[in-house]
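Trainee: Could you take one loop and look at it closely, in terms that I could check for myself, and then go on from there to other parts of the model?

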Amino acid sequence: MARILAVMEQRDGTLRKVSHEIVTAARLLADTLGTTVDALVIGAGPVAGIDALGGFGADRVLTVEHEGLGLYQPDGYATAAAAAADGCAAVMCAATATGKDLAPRIAAKLGAAYAAEITGCTVDGEHLVATRPVYAGKALQRVRMTGTAVLSVRPNTVPPAQSAKAGAVEAFVMPTFTPRVTVTEVKAPAVAVLDVAEAAIVVSGGRGLKEPEHFSLIEDLAAALGDAAVGASRAVVDAGWRDHSAQVGQTGKTVSPNLYVAVGISGAIQHLAGMRTAKTIVAINKDADAPIFKVADYGIVGDLFEVVPRLTDEVKKAKAEG
Amino acid sequence: MKIAVCLKRVPDTTAKIVIGGDGKSIDESGVKFVPNPYDEYAVEEAISLQEKAAAGETVVYSLGGASSQETIRTALAMGIDRGVLLEGAGSADGMVVARALASELEGQGFDLILFGKLAVDDYNHQVGAMTAELMGLPCITTVSHLEIENGGVVAEREIEGGVEVVTCRLPAVLTCEKGLNEPRLPKLKGIMAAKKKPLEVKPVELAPGNMEVVGLELPPARSEGKIVGEGPDAVPELVNLLRHEAKVL
């Protein structure tokens, strides 16, 4: 059976953690098909962290070192991936900003079908059948794919798991390419922020906060929880309180964290669609009839200005106890 | 500049989704359809670029059934010059749609081809980039800031924890993200004018692709949760549950 190609992501010469999820997802599919996994790593030079890929199930690690490919460059990456995908059963990317830009380009170069943001994949005879949320998660679609299937896997849907394989590193010689677009720089914010789509914990605020300054309550809780991203409802993004990159819901991001805390968010259908796949949902709202409580595992009815600071304190205490 | 905008008719984001009798599509009865919200950023960008240049032409394309004419008229009412409906059944396979669009747009001399970053029905976010690839054009996706000067494009796109700055030359394909602009609402004058603007209908038959929808279902319902309590006094119990029951702390 043809191989699986897992396309890795690096930033500043270090492999991104989401890549472990992609290798794990590729390994699971490869085991079902009885085939091998190649992890493709593209960078300007050696990329830190590739020695871990064998542990997550990569049989081979194909490296491309090209001076023009330190930053993500769509045309160079797509050219390398399409060449490495020759004869593969599937090409798997992460459904990140980079992966979602790259995957359709690879598919077009291969003349293949592309299923975006999949949350599962099974095998049906000669075909792969991918499951993917559509209508912002209000429904799940199953698509049967013929030939090489290009897939992007939604972050946080496949927990990285150890499955030791050789992880033999081989240099991959990519074809020449013409860059049609150039990524000239990545502007990082003054303070590094976790992205809601990738974080294991998301704390989101809504209109119940009343004033944009009150988002400090959300930030404090997120800081206490650790490794948590700050999200926002559409209402407060549209009001200009928070950047669109933080918006959770149908016209924002769809998230699947381990823990989602909704503060002062009533739970409009578009918002619920964006976070209902979170593993555990906590809602804090003063209105006991708010729709958010219908999807929440745990709810507290009350004034968020009293509940949230207390929660931040209790989380800190719990963390201190270990 | 000659600018094309590709526009899709989709269910309103507030629509409740009911699975249709075929088990593969939605039940459209009673569902309100609207122009795809991300495509509206593309429509707005095209119109404002044309206004700034005080020259050029804007054309909106849609692929879908006859009812997509209404969606095209909305774009015409906002200010797009003319519309083309590629009338036929759409496809869940983005490559199939991209092939049809690329063959239609090829050789028309567009400087800029704009898409929304994704359609809020099938969430494929692929047709723009695929169309560009098939046409051999530069493509920048999920653009949230755009400057075009002397045939050069400087765009910004959000990535995890930062913003990528991407450049290319025209002609190019761009897909638009929320934040790029504020789409205008059609004014009465525009709505009246739109009725007289040209809307060409061309039948299109899509070639078969490599992806077929075999099922559509509602996500598993979340089991009803519990209200831990009222007010700040409920917090210690919540933390206890998160630690020992949900095991997420």
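Mentor: Helices (H or I, at least four residues) and strands (E, at least two) are taken here as DSSP runs, numbered from the N terminus. The model is predicted, so that local features need pLDDT of at least 70 and side-chain atom pairs count only at pLDDT 80 or more, while totals for chains, interfaces and linings use all residues. Residues are numbered from 1 along each chain as its sequence is written, and chains are lettered from A and ligands numbered from 1 in the order in which they are written.

For its surroundings, a residue is called buried if 20 or more other C-beta atoms, placed from the backbone, lie within 10 Å of its own, exposed if 12 or fewer, and partly exposed in between. A:Asp227 counts as exposed because 12 other C-beta atoms lie within 10 Å. Another positive phi, near 70 degrees, belongs to A:Asn156, again not a glycine, which sits in the loop of chain A between strand E11 (149–153) and strand E12 (168–171). A:Asn156, however, is buried, because it has 21 C-beta neighbours inside 10 Å.

With contact taken as C-beta atoms, placed from the backbone, within 7 Å, 70 residues of chain B are in contact with 73 residues of chain A. On the side of chain B that touches chain A, at least two residues come from each of several elements, including strand E7 (139–149), strand E13 (226–230) and helix H6 (235–244). That side divides into 37 nonpolar, 18 polar and 15 charged residues, where Ala, Val, Leu, Ile, Met, Phe, Trp, Tyr, Cys and Pro count as nonpolar, Asp, Glu, Lys and Arg as charged, and the others, Gly among them, as polar. Strands pair if DSSP finds at least two bridges between them, and strand E18 (residues 298–301) of chain A is joined to E13(B) by 4 bridges, the two running parallel. One of the residues involved, A:Tyr298, has B:Lys226 as its bridge partner in E13(B).

Note on methods:
Two residues are in contact if their C-beta atoms, placed from the backbone, lie within 7 Å.
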